[in-house]
Amino acid sequence: MADAVRSSNIIISPGLIEENHQLELALVSGQAKKPEELNGIVVATVNNAPVTLADVATVGPGVEPQYTIVTADGHPPH
C-alpha cells in the first residue's frame with residue numbers, strides 16, 4: 001500500500017520543451033496537497049475493481065517530526 005501511495009504522489013518531469021528560442025523544464029504534479037486528496041489513490045485492484053486508500057485506511061492530518069540541527073559548538077546554523 002505504501003508503494004502505491006509513493007508512486008502515485010509524485011512530481012515528475014517529462015523533459016525539456018524548446019519553444020520560441022527558450023528551453024523550459026516541464027513539470028507534472030500528481031502530488032496531493034491535502035490529506036483528503038490521498039483518499040482517491042488506487043492501492044490495489046480486486047476482481048477488476050479499483051481499491052482506493054479510503055477503502056482500506058483513514059487519512060487525516062498528522063504531525064511532522066521536528067529535528068534540531070546543531071553545529072559542533074552547540075549553536076543552531078544561521
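**Briefing: a predicted chain and its nonpolar surface patch**

The protein chain has 3 helices and 4 strands, where helices (H or I, at least four residues) and strands (E, at least two) are DSSP runs numbered from the N terminus. This is a predicted model, in which local features need pLDDT of at least 70 and side-chain atom pairs count only at pLDDT 80 or more, while totals for chains, interfaces and linings use all residues. Residues are numbered from 1 along each chain as its sequence is written, and side-chain values use heavy atoms, with hydrogens and water left out.

**The chain as a whole**

- From the N terminus on, the order of the elements is α-β-β-α-β-β-α.
- Of the 78 residues in the protein chain, 12% are buried, a word that stands for under 20% relative accessible area, whereas exposed stands for over 50% and partly exposed for values in between (1.4 Å probe, protein chains only).
- The accessible surface comes to about 6,800 Å², and 55% of this belongs to carbon and sulfur atoms; accessible areas come from the Shrake-Rupley method with a 1.4 Å probe, and for residues only the protein chains shown count as cover.

**The nonpolar patch**

- Ile-11, Leu-16, Leu-23, Leu-25 and Leu-27 form a nonpolar patch on the surface, with about 560 Å² of accessible area together.
- The elements that each give two or more residues to this patch are strand S1 (11-19) and strand S2 (22-29), and the largest share, 3 residues, comes from S2.
- Leu-23 lies in strand S2 and is exposed, because its relative accessible area is 58%.

Technical notes:
Patches are made of residues with over 30% relative accessible area and no salt bridge: like charges are joined within 9 Å, nonpolar side chains (Val, Leu, Ile, Met, Phe, Trp, Tyr) within 5 Å. A salt bridge is a side-chain nitrogen of Lys or Arg within 4 Å of a carboxyl oxygen of Asp or Glu.
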